[in-house]
Amino acid sequence: MKVIDIFSATKDDKTKVRPKREKLELIKDYGIKNDKFALKNLEQSVLIVPIDAYDITQKEGIELEFGSLGENILVNFNIMDLDIGTKLKIGKATVQITQKCTMCNHLAIFDKKVPKLVRNHRGVYCKILESGEIVKDMEIEI
């Protein structure tokens, strides 16, 4: 299990798609360094999305660029199978799943079918238990 890519939006970013980043600095009791959602809701500091969500839209003929689903971390396994409370170690960082991501109607900006297509596949929100830096291709341990 590994990180496919990482994303974060700053307050200055005006794009629909979260921009790719070279690294993410996860900070306990804060969120992601320079992220526009830092300190907003510590239980939802990090959004992890499985690549399956993009596969589902692609099968319906909807091509989405990675980062379109609002993820911070895109992973190569079905994270939806993990329980609330599960801890994930990524490098020195540790996050804990706090909730499954709910259906977000704002995803309809890409195609009106997207919110319903990915509602049970969009990913999980996590809080940060241990600070650390995350980069592309890092291994994830449960």
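The largest nonpolar core of the predicted model comprises 23 residues, a nonpolar core being a set of buried Ala, Val, Leu, Ile, Met, Phe, Trp, Tyr and Cys residues joined through side-chain atoms within 4.5 Å. Buried denotes under 20% relative accessible area, exposed over 50% and partly exposed the range in between (1.4 Å probe, protein chains only). The residues with the most contacts inside this core are Leu 26, Val 46, Ile 48, Ile 73, Ile 79, Val 95 and Ile 134. At least two core residues are supplied by each of β1, β2 (24-27), β4 (46-50), β5, β6 (87-90), β7 (93-100) and β8 (124-130). Apart from this core lies another, of 16 residues, including Phe 7 and Leu 64. The model is predicted, with local features requiring pLDDT of at least 70 and side-chain atom pairs pLDDT 80 or more, while totals for chains, interfaces and linings use all residues. Residues are numbered from 1 along each chain as its sequence is written, and side-chain values use heavy atoms, without hydrogens and water.

One aromatic pair is present in the structure. The ring centres of Tyr 54 and Phe 66 lie 5.0 Å apart with the planes at 70°, so the pair is edge-to-face (centres within 6.5 Å; planes under 30 degrees apart stacked, over 60 edge-to-face, the rest tilted). Tyr 54 is buried at 4% relative accessible area, whereas Phe 66 is partly exposed at 30%.

Asp 5 is likewise buried, at 6% relative accessibility. Contacts of Asp 5 (heavy atoms within 4.5 Å) beyond four places in sequence comprise Lys 20, Asn 72, Ile 73, Leu 74 and Lys 136.

Definitions and conventions: Phe/Tyr/Trp six-rings, centres within 6.5 Å; stacked < 30°, edge-to-face > 60°. Helix = DSSP H or I, 4+ residues; strand = E, 2+ residues; numbered from the N terminus.
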